[in-house]
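Thanks for making the time this morning.

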Amino acid sequence: MRIVPLASESLGVRSLATFVEAGGIKILIDPGVALGPKRYGLPPAKAEIEALHRMRRKLQGYARRADVITISHYHYDHHTPFFEGLYESSSEEYAREIYSGKLLLIKHPRENINFSQKKRAWAFMKNAEPIAETIEFADGRSFDLGGVELEFSPAVPHGSEGSRLGFVVMTLIDDSSRRVIHASDIQLLNKKAVEWIIEKAPDLLITGGPPTYLGKRAEGSWETGVKNLNEIIRETNAEIILDHHIIRDKNYPRFFDELEDRPKTFAGYLKVEDRPLEAYRRELHKREMGEEVELPFSF
């Protein structure tokens, strides 16, 4: 099985897009990249916009190879919408190239979904149905793809129980040699997701950490995230790739230090340096204005 982390916060954008090749089947998980429209009251810096364009091209290239595309939920950093936009993975032509002729295994667009995601899912289905090979609603289902099994969790909260951000589904890929779970946007904050991961006993877990960058709005998420991920590490002994929301917090290395087995970011897995551009947006804007600023990554 070959795992290729494609785009994430440690690579400069909002995403958890991943490409997996197993048993000759090529799977693209969560094909979306985006930027936070506001951070510290600032729009994205030029470096972030450049990273967005690079990641879009990379995603497009891997989408051409993919047989199957999975979508965990309908936030724009996890699926490519069919509209023109600056900070989302956007434009109808671009989206058509991502989804045309593919088997789409996707979060149910009407069940266990909040209002905003239901609207986005409706727009997605309207445009994707005419061009996809097949669309299947994946929540709680398994699919045998000729020796490769894709199993999807029931819908679990996007973050903590009762989250207003809706629900997501996790993806398990099993080719009999390795079991990989992609646990998008569970944020390590709800017991249902943690229990499902432990029950499925993955060899590798790809997941996003808690949104600690939100400050008081995420109070307690640091401690809960550490506790839950340490439980997963103890119970499964899985290799961990941890990225996404937690990397928007400059203090994420300290979060990693509190874990019983230190995970890799997407960048670390690819053996390149972390470039958490959004977390350093203020410094990037100052740099664009000609000021000398220190950054923890090369530029």
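This is a predicted model: local features need pLDDT of at least 70, side-chain atom pairs count only at pLDDT 80 or more; totals for chains, interfaces and linings use all residues.

Let me begin with the strands. Strand β2, which covers residues 16-22, is mostly covered, in that six of its seven residues are buried. Strand β1, residues 2-8, is joined to β2 by six bridges, and the two run antiparallel; within that pairing, Ala7 stands opposite Ala17 of β2. β2 is also joined to strand β3, residues 25-29, by five bridges, again in an antiparallel arrangement, and here Glu21 has Lys26 in β3 as its bridge partner. Two residues lie between β2 and β3, which form a hairpin, and in the turn Gly23 has a positive phi of about 55°.

Leaving aside residues up to four places away in sequence, Arg65 touches Arg2, Phe19 and Lys26. Its relative accessible area is 42%, so Arg65 counts as partly exposed.

That brings me to how α1 packs. Two packed helices are described by the angle between their axes and the distance between the axes. For α1, residues 46-65, and α2, the angle is about 35° and the axes are 8 Å apart. From α1, the residues Arg56, Leu59, Gln60, Ala63 and Arg64 meet Tyr94, Glu97 and Ile98 of α2. The residues of this contact divide into four nonpolar, one polar and three charged.

Finally, helix α3, residues 115-128. How far apart are its end C-alpha atoms? They are 20 Å apart, which agrees with the 20 Å that 14 residues should span at 1.5 Å a residue. The buried residues in α3 are Gln117, Ala121, Phe124, Met125 and Ala128. They cover an arc of only 95° around the axis, and therefore lie on the same side of α3. What covers these buried residues includes the strands β4 (68-71), β5 (103-106), β6 (134-137) and β10 (167-168), together with the helix α2 (92-99). On the face of α3 turned away from its buried side, by contrast, we find the exposed residues Phe115, Lys119, Trp122 and Lys126.

Definitions and conventions: Residues are numbered from 1 along each chain as its sequence is written. Side-chain values use heavy atoms; hydrogens and water are left out. Helices (H or I, at least four residues) and strands (E, at least two) are DSSP runs, numbered from the N terminus. The expected span of a helix is 1.5 Å times one less than its number of residues. Buried means under 20% relative accessible area, exposed over 50%, partly exposed in between (1.4 Å probe, protein chains only). The arc is that of the directions from the helix axis to the C-beta atoms. Contact means heavy atoms within 4.5 Å. Two strands pair if DSSP finds at least two bridges between them. Axes are lines fitted to C-alpha atoms, for helices over the stretch in contact, and angles run from 0 to 180 degrees between N-to-C directions. Ala, Val, Leu, Ile, Met, Phe, Trp, Tyr, Cys and Pro count as nonpolar, Asp, Glu, Lys and Arg as charged, and the others, Gly among them, as polar.
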